[in-house]
Amino acid sequence: MPDTSTSLSPIHVIGGGLAGSEAAWQIASYGIPVILHEMRGVRETAAHKTDGLAELVCSNSFRSDDATSNAVGVIHAEMRMANSLIMACADAHQVPAGGALAVDRDGFSNAVTEKLAAHPLITIVREEITALPPEDWDQAIIATGPLTAPALADAISARTGKEALAFFDAIAPIVYRDTVDMDICWYQSRYDKVGPGGTGKDYINCPMNEAEYNAFIDALIAGDKTDFKEWEGTPYFDGCLPIEIMAERGRETLRHGPMKPMGLTNAHKPGEKPYAVVQLRQDNALGTLYNMVGFQTKLRYGAQKDVLKMIPGLQEAEFARLGGLHRNTYLNSPTLLDGTLALKGRPGLRFAGQITGCEGYVESASIGLLAGRFAAAERLGEAPVAPPPETALGALLGHVTGGHISHEEEGGKRSFQPMNINFGLFPELEPGALIDPETGKRPRGKAKSSVKKQLVARRALEACKAWLDA
């Protein structure tokens, strides 16, 4: 690609999280200068611990890496095809996690920071942006994420005339590996599944019998919880519910959610089926830290330690980080953004990442990838071309910019909520296309769902390649 940096004005990206980092990288890859504004280092957030770019504040997992039959794996593959910085750094710093792609969080963040800092077209400025970009920033991307600082959030609200929606998000505790009792616990991935960098024994499993489970649920519900009265009435995102909220929804909810025992056999007591299982997943490359899978919580720290140490194998556990609660904000994007993520009525000003109403690391980064490519196209005098809806990137973009419309009998109001990528966002297969490629016949029963996922995934990757090659 020719060097156009001397003749083009920079594009400004506000926010150095996953979305902002990816957007900056994509823009610079087109030979366009970028100024990346990041406030951490000047002003901290309630959840971040460092000033590193693309810091992971919750889990260290990018979830499934199966591009043949999992929507998350498909978006991983599409991002790799599109020269994603986030995926390249994740691949370079993966740690074992069964069928998932998990990363050493510090190594990952450091790699992203170093790549961006070393790029000759990217300038990183540590400052807080407290207002919407000035008009002379004719191309700009706001990627400040779910923890957008109050001043900028107020400026966005004032400009749009619509209030940002908000929901609670809770983070999971991290345990020191050497404090887990392996005479009680054992290593095993669910159904012994082997994933990238994994062996099929990538999780530590803590078993519970029925009495232990019921005592744990009682303590969880009774535990002292963080109270944020100023946020009362704010909905939780169902994909990141605190465990005590799940427990309050029904005694068996956790046992059919993050504590489900299916696909696991107690290595110490193979003839005894666990009633429930708590899984711990490796959190760093050294293998010294493990996070509690699906155990986001808003319990106060003292209560957390008391309740979590009721889990067999964690009686003497020490925690590198306890769980916490923070507020996420996101736009009513279907009413505010156009099909290229630009704010309606303000050409050239785009939003990216979780603030747009996507949920998840790769989803956030993928929307940053698209915003960066769209902005770069406009800077080069070209019309942005959105990915086809058959792709994972296009399906997620469609959710963010199209959202969900209620039935007319309910008043026709939009009901827009944060969403992870999933096959429910993809268009249906063409009539007659649901044919098992191995048998040449229409699948039936349980095989029907499996074959459909495979065909949708294959179609997505083919469509994405065609879009990128065009």
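I call a residue buried under 20% relative accessible area, exposed over 50% and partly exposed in between, with a 1.4 Å probe and protein chains only. By that rule I log Cys58 as buried, at 12% relative accessibility. Cys358 is buried too, with a relative accessible area of 1%.

I note that this is a predicted model: local features need pLDDT of at least 70, side-chain atom pairs count only at pLDDT 80 or more, and totals for chains, interfaces and linings use all residues. Residues are numbered from 1 along each chain as its sequence is written, and side-chain values use heavy atoms, without hydrogens or water.

Next, disulfides. I searched the whole structure for pairs of cysteine sulfur atoms within 2.5 Å and found zero disulfides.

Then the fold. I list 12 helices and 16 strands, taken as DSSP runs (H or I, at least four residues; E, at least two) numbered from the N terminus. The radius of gyration is 23 Å, close to the 23 Å of the globule rule for 470 residues, so the protein is as compact as a globular protein of that length. I take that radius over C-alpha atoms; the rule is 2.2 Å times the number of residues to the power 0.38. Along the principal axes, the C-alpha atoms fill a box of roughly 70 × 60 × 50 Å.

Of the 470 residues, 56% count as buried. I looked at contacts (heavy atoms within 4.5 Å). Among those with a separation of 6 or more, 70% come from residues 24 or more positions apart.
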